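This report was prepared for a reader who wishes to relate the sequence of a protein chain to its fold. Please consult the model below alongside the text.

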Amino acid sequence: MVNLKNVTKRFGAKTVVDDLSLTIARGELFGLLGPNGAGKTTTINIIIGGLLPDAGAITLQGSGSPQDPAIKRLIGIVPQSLAVYESLTAYENLNFFGRLYGLQGSELTSSIQRVFELVNLTDRTKDRVKTYSGGMKRRLNIAIALLHRPSLLILDEPTVGVDPQSRNAIFDTLRNLKAEGCTILLTSHYLEEAQQLCDTVAILDEGKLVAQGTVEALIALHGGQSILTVETSKGKSRIETHEPVQEIVRIHAEEPIISLKMESPSLEKAFLNITGKHLRD
Ligand SMILES: Nc1ncnc2c1ncn2[C@@H]1O[C@H](COP(=O)(O)OP(=O)(O)OP(=O)(O)O)[C@@H](O)[C@H]1O
């Protein structure tokens with residue numbers, strides 16, 4: 001669906017995307033991950049044709065160019081900053097943006113109904129957007145991007161500043177869209193969220209691709225061992241193991257366990273092991 005080959009982008013003397021190659025398969029939920037300033041938004045802007053790379057090539061849908069209007073129509077974009085009219089109701093917002101997409105009549109009405117259901121806002125359609133929480137505004141922004149039924153949805157940091165309830169609603173929306181066959185690309189610096197949601201991830205650091213693969217494979221390769229903190233009558237001990245269940249059974253057979261904490265291998269640990277850095281807000 002999306003193919004980047006040796007893409008480089010510089011701003012002045014600074015190389016912001018550095019020889020980046022990646023492939024996003026049709027129907028995949030793909031996470032482009034990395035700390036602030038890693039080059040995620042710049043990469044998205046290149047994919048949607050808003051920026052031209054200094055080197056390399058991007059193709060969409062086989063051999064399509066991001067500059068081609070027919071290709072652009074396949075893409076829905078949810079930018080990092082909200083683009084909704086606060087003084088209008090949610091319905092009026094969708095009605096306005098739907099017309100911009102060229103929808104009208106029953107097609108527009110059914111699209112509006114469909115996207116309200118997808119983002120789970122059907123009970124608040126008549127409320128002015130200024131009465132919405134930040135998370136609800138973000139969901140409305142997603143609804144707008146879905147009006148024209150894109151086959152590729154791109155979301156830039158969709159859960160930043162979002163309350164947990166809206167975050168879960170956004171996750172449900174993305175899972176439902178994926179089940180319908182939509183390809184989804186999202187950026188995030190929340191590795192825990194990406195671990196829950198994504199099939200495949202690419203990790204960027206200072207514009208360079210430092211790892212790419214399925215979440216399971218990256219965790220298995222780089223996520224480290226499980227860490228057990230076990231308390232028995234003999235005291236507390238910290239154990240690193242690839243076989244936590246067997247280890248717990250073994251300890252318990254020797255000495256009853258009073259308390260137990262287990263830290264599983266994670267994408268966060270994989271990032272730390274690959275880059276030597278913690279990824280924090
Ligand atoms: N138009 C521009 N001109 C100059 N520098 C830019 C421009 N756009 C981005 N940058 C710089 O490029 C680097 C990468 O920015 P980018 O927004 O792509 O990163 P990001 O990974 O999306 O970060 P964030 O999570 O903060 O949005 C940053 O150092 C940023 O300051």
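The model is predicted, so local features need pLDDT of at least 70 and side-chain atom pairs count only at pLDDT 80 or more, while totals for chains, interfaces and linings use all residues. Residues are numbered from 1 along each chain as its sequence is written, and side-chain values use heavy atoms, with hydrogens and water left out.

## Domains

The unreviewed UniProt entry lists residues 2-231 as "domain: ABC transporter". UniProt positions follow the numbering used here, feature names are shortened, and annotations may be inferred rather than shown by experiment. Over residues 2-231 the chain is 35% helix and 29% strand, and the end C-alpha atoms are 50 Å apart. Helices (H or I, at least four residues) and strands (E, at least two) are DSSP runs, numbered from the N terminus.

The domain assignment of the protein chain gives domain 1 (2-219) and domain 2 (225-264); such bounds come from an automatic or database domain assignment. Taken over C-alpha atoms, the centres of domain 1 and domain 2 are separated by 42 Å.

## The sheet β2-β1-β4

Three strands in the order β2-β1-β4 form an open sheet with antiparallel pairing; two strands pair if DSSP finds at least two bridges between them. The edge strands are β2 (14-24) and β4 (55-60), each of which pairs on one side only. From one strand to the next, the twist averages 20 degrees. Strand β1 (residues 2-11) pairs with β2 in the antiparallel sense over seven bridges, and the bridge partner of F11 in β2 is K14. Helix α1 (residues 40-47) packs on this sheet, touching β1, β2 and β4, and its direction makes about 120 degrees with that of β1. Contact here means heavy atoms within 4.5 Å. Axes are lines fitted to C-alpha atoms, for helices over the stretch in contact, and angles run from 0 to 180 degrees between N-to-C directions.

## The sheet β11-β10-β12

Another open sheet of three strands has the order β11-β10-β12, again with antiparallel pairing. Its edge strands, β11 (235-241) and β12 (257-263), each pair on one side only. Neighbouring strands of this sheet are turned by 15 degrees against each other on average, direction ignored. Helix α9 (residues 244-254) packs on the sheet and touches β10, β11 and β12; the direction of α9 makes about 15 degrees with that of β10.

Strand β10 (residues 226-232) is joined to β11 by seven bridges, and the two run antiparallel. A hairpin connects β10 to β11 through two residues. Opposite V230 stands S237 in β11, and opposite L228 stands I239 in β11.

## Helix contacts

| Helix pair | Angle | Axis separation |
|---|---|---|
| α3 (residues 90-100) and α4 (residues 105-118) | roughly 125 degrees | within 10 Å |
| α3 and α5 (residues 134-146) | about 30 degrees | 9 Å |
| α5 and α6 (residues 164-179) | about 20 degrees | 9 Å |

The axes of α3 and α4 cross at roughly 125 degrees, and α3 is therefore oblique to α4. Angles under 35 degrees count as roughly parallel, over 145 as roughly antiparallel, 65 to 115 as roughly perpendicular and the rest as oblique. The crossing of α3 and α4 is right-handed. A crossing is left-handed if the near helix is turned anticlockwise from the far one by less than a right angle, and right-handed if clockwise. A90, Y91, L94, N95, G98 and R99 of α3 make this contact with L108, T109, I112, V115 and F116 of α4.

With α5, helix α3 packs at about 30 degrees, which makes α3 roughly parallel to α5. Here α3 passes α5 in a right-handed crossing. The contact involves A90, N93, L94 and F97 of α3 and L140, A143 and I144 of α5.

Helices α5 and α6 pack at about 20 degrees and are therefore roughly parallel to each other. The crossing in which α5 passes α6 is right-handed. In α5, the residues G135, M136, R138, R139, I142 and L146 meet S166, A169, I170, T173 and L177 in α6.
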